[in-house]
Amino acid sequence: MIQLSREIRFALLPTDADYPPSANNSWGGWPAIDLAVPRLALRAVITGIPDPVTGYVCNIKVLDQLLRTVVSDALIPSFGDQAVSGETIINSALAEVRKRWQLPDELIRIELSLSPYLGYAIDTENDKMIQITQQFEFSAAHRLHCDTLTAQENRATFGKCNNVQGHGHNYVLDVTVGTDALASGSAVNFHEFQNTVKSEIIDRLDHKHLNRDVDYFAQINPSVENIAIAIYNWLDGKFDGKLIAVKVFETPKTWAEYRGPNTAGER
Ligand code: NI
């Protein structure tokens, strides 16, 4: 299956703001907006069969215009003058996109960013659930080493990551929880969600040497894969909503994502 995504960026301007209508649909571009208002991003993810001539699943201009119309005709008139939750906006965006959908392709997912660190998504095949992803950070040291391997094997396998004194990373952690899309407001208590991640994960790992300070990693190699699995297990069952995914970035170029033990043999 091929997936195609298009993102538009928009500002929730007050309806009486003295800006040209096109300013509603642009930030980081032209026309510039100098008001302190929410800057949001709305994405549609679609699937279809690429046209044999053009190679297009769909002409991106058509999808772009549909999303812009949803913003200008529905979201800004509805929400430009009030503080609303991400759940409210993405529910409305999905309903309005569906109302206008005339493409032969299938809409499979819609996403909304309230900031670079807080995102909402709905998969259309499971549109009773909104997925909320919050980004967290922690810094930690670790050493990649296995006692069952010889010193030479450890060096050959882990290279400089086997350094005796360890080395550090600024880890980035994305936690995704699911909330009932039909609930009024959020079925996830957002402050409790963040406090739980802080008490269960950040306080446990931040500014620690994982091998030495965290019992779990005394015998388990703190690879980014094992860190993601551990964080998932520490968080699972701790929220009102469902824990969907844990993604840990060890560097901007290396990350691991764990969505739970749904494959035989997985922890
Ligand atoms: Ni490392």
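Start by selecting Phe-136, Phe-193 and Phe-239, which ring pairs link into a cluster. Rings of Phe, Tyr and Trp (its six-membered ring) pair if their centres lie within 6.5 Å; planes under 30 degrees apart are called stacked, over 60 edge-to-face and the rest tilted. What you have open is a predicted model, in which local features need pLDDT of at least 70 and side-chain atom pairs count only at pLDDT 80 or more, while totals for chains, interfaces and linings use all residues. Residues are numbered from 1 along each chain as its sequence is written, and side-chain values use heavy atoms, with hydrogens and water left out.

**Aromatic stops**

By the ring rule, the count comes to 8 aromatic pairs. Zoom in on Phe-193 and Phe-239: their ring centres are 5.2 Å apart and their planes stand at 70°, so this pair is edge-to-face. Helices (H or I, at least four residues) and strands (E, at least two) are DSSP runs, numbered from the N terminus. Are Phe-193 and Phe-239 buried or exposed? Both are buried, where buried means under 20% relative accessible area, exposed over 50% and partly exposed in between (1.4 Å probe, protein chains only).

Next, select Tyr-216 and Phe-217. This aromatic pair is edge-to-face too, at 5.0 Å centre to centre and 85° between the planes. Tyr-216 is partly exposed at 27% relative accessible area, whereas Phe-217 is buried at 2%.

Now show Arg-204 with Trp-234. The charged end of Arg-204 sits over the ring of Trp-234, 4.0 Å from the ring centre; the rule asks for NZ of Lys or CZ of Arg within 6 Å of the ring centre and within 35 degrees of the ring normal.

**Salt bridges**

Side chains of opposite charge can pair when their charged atoms come close. Here a salt bridge is a side-chain nitrogen of Lys or Arg within 4 Å of a carboxyl oxygen of Asp or Glu, and the whole structure holds 16 of them.

Pick Asp-64 and Arg-6, whose side chains meet in a salt bridge at 2.9 Å, N to O. This pair links distant parts of the chain, 58 residues apart: Asp-64 belongs to helix α1 (residues 60-79) and Arg-6 to strand β1 (residues 3-11). Asp-64 is buried at 8% relative accessibility, while Arg-6 is partly exposed at 29%.

Move on to Lys-238 and Glu-200, joined by a salt bridge of 3.5 Å, N to O. Lys-238 lies in the loop between α6 (224-235) and β8 (242-251) and Glu-200 in helix α4 (residues 190-205), so the pair ties together parts that are 38 residues apart in sequence. Lys-238 is partly exposed, at 42% relative accessibility.

Glu-111 is buried at 16% and Arg-109 is partly exposed at 23%.

**The two domains**

Finally, colour domain 1 (1-124) and domain 2 (128-262), with bounds from an automatic or database domain assignment. Their centres, taken over C-alpha atoms, are 31 Å apart. How many salt bridges are there between domain 1 and domain 2? The count is 0. Even so, 11 residues of domain 1 are in contact with 12 residues of domain 2, contact meaning heavy atoms within 4.5 Å.
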